[in-house]
Amino acid sequence: MPEQNSISIPILPEKATPLPVLTGMTLEEMTAFMAGLDEPGYRARQLYAWIYARRADRFETMTSFGKELRARLHQSARLRSLQLLDTQTSEDGTIKFLWRTHDGYNIESVLIPSEARDDQDEPKRRTICISTQVGCPLDCKFCATASMRLKRSLSAGEIVEQFVGVEREAGERITNIVFMGMGEPMLNYDQVFRAVSIFTDPDNELAAARHITVSTSGLPEGIRRMADEGQRIKLAVSLHALTNGMRSELMPINRRYDIAQVMEAVEYYYRRTRQPVTYEYILFDGWNDTDADVRRLARITRRVPSKVNVIPFHEIEFTNPTGISARLRSTPREKFDLFIRKLRDAGVTVMVRSSSGEDIDAACGQLAIKHGATALHDPAGSIAAP
Ligand code: SAH
């Protein structure tokens, strides 16, 4: 008989039983936590409001609680768990935030400020690009995060903390959230959507569902689950190639879920939500930027109301790429512009994603911790990549 799988529990560098972290808890969880301190439900609701709506980052500022309760909270919980290690500001105003997790991993978030809006009356858009995993298991050949492989998934708290932490550092409210940082959100579905439920709780004034975009490499099960949530969160699908041969080379996940399966899930999403879909499409010189690709892209995007986000390829030289990764080049400017013109002529709604933060390696797909995947210890061996 085969030996039973034994789960090895990593030894954390801190206390064996770390205190619970409050950021990331739902109201129900906070109610249970406060009940453990013999505090009534209304106190839990106050705590919830302090943490999310009022963005309190210290117990001392929670003035509706007496000194004694604040001291007990101090002893029994921590407000947050991420530690800000560093920030880097790009020439274009993009800011990259480097965080250290409680177990010694580094993750990144990016704040893309003040994007122009068509409607002058709307407040300026400030978008946070949030990470959902430490590294990523999917191995897309063009993505820097892939070089880290998957260390672990982030908790809902670590996801929400990136938002409240960046707001605090920036001193400005964030208006939009894109799940386009490190990791594949659909492989961390429960924690991502628990964070989304906290973001979209109207009492918290964090972000409206229509201002949140979940970007996926195309995992059909996740797309269908998201469609069934009944929320107006936006879906973005990283397409990048229109034949299975090429897509499988660039994105190995395509061998498991091919373009047809991804598109069936996208159609399901549209039928359920009636929300247009965004396709992300990076242009690689000589790979996916031909006239045949324009025709294929035009055909595929007709299946449900959609737009295409054409993204310049951001170099990932710093990861010392090998194989295909080392051969990928961005499409030269003129050819890039021509591709977009032809796509528009074919009736496709096209957006061109700017290269915000490229000079600080904060652009899309450039998030990877340099100098290797810094971790004080590496429990990855005990966590199976999904
Ligand atoms: N795993 C999710 C979300 C993270 S990546 C996904 O695949 O969608 C966010 C976006 O950045 C994706 O569209 C991804 O394909 C793109 N991207 C990755 N590497 C890139 C690079 N080097 N240059 C430009 N875009 C990149």
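**Cavity, ligand and pocket**

Modeller: This one is a predicted model. The largest cavity has a lining that divides by class into 17 nonpolar, ten polar and four charged residues.

Biologist: What volume does the largest cavity have?

Modeller: About 470 Å³. The structure holds one cavity of 30 Å³ or more.

Biologist: Which residues lie nearest the centre of the largest cavity?

Modeller: Of the 31 residues lining the largest cavity, those nearest its centre are Phe142, Cys143, Met180, Ser238 and Gly365. Strand 8, strand 10 and strand 11 each give at least two residues to that lining.

Biologist: Okay, and where is the ligand?

Modeller: The ligand takes up the space of the largest cavity. For the shell around the ligand, the elements giving two or more residues are strand 8 (212-216), strand 10 (277-283) and strand 11 (306-312).

Biologist: Which residues come nearest to the ligand?

Modeller: There are 22 residues around the ligand, and Phe142, Ser215, Ser238, His240 and Glu280 come nearest. Phe142 and Ser238 are also among the residues nearest the centre of the largest cavity.

Biologist: How do the shell residues divide into nonpolar, polar and charged?

Modeller: Eleven of the shell residues are nonpolar, nine are polar and two are charged.

Biologist: How much of the ligand does the protein bury?

Modeller: The protein buries 97% of the 530 Å² that the ligand exposes when taken alone.

Biologist: Changing topic: what's the volume of the second largest pocket?

Modeller: The second largest pocket comes to about 410 Å³. Its lining takes two or more residues from each of strand 6 (152-153), helix 4 (156-170) and helix 5 (189-200).

Biologist: Which element gives the most to that lining?

Modeller: Helix 4, with four residues.

Biologist: And which residues lie nearest the centre of the second largest pocket?

Modeller: Val21, Ser81, His102, Ser155 and Glu158, out of 20 lining residues.

Biologist: How many residues of that lining are charged?

Modeller: Seven are charged, alongside eight polar and five nonpolar residues.

Key. Residues are numbered from 1 along each chain as its sequence is written. This is a predicted model: local features need pLDDT of at least 70, side-chain atom pairs count only at pLDDT 80 or more; totals for chains, interfaces and linings use all residues. Side-chain values use heavy atoms; hydrogens and water are left out. A residue is near a molecule or strand if one of its heavy atoms lies within 4 Å of it. Accessible areas come from the Shrake-Rupley method with a 1.4 Å probe; for residues, only the protein chains shown count as cover. On a 1 Å grid over the protein atoms alone, a cavity is a set of points where a 1.4 Å probe fits but cannot get out, and a pocket is an open set with protein on both sides within 12 Å along at least five of seven lines; lining residues have an atom within 4 Å of a point. A molecule sits in a cavity or pocket if more than half of its atoms lie within 2 Å of its grid points. Ala, Val, Leu, Ile, Met, Phe, Trp, Tyr, Cys and Pro count as nonpolar, Asp, Glu, Lys and Arg as charged, and the others, Gly among them, as polar. Grid points are joined across faces, edges and corners, and a volume is the space filled by probe spheres set on the points.
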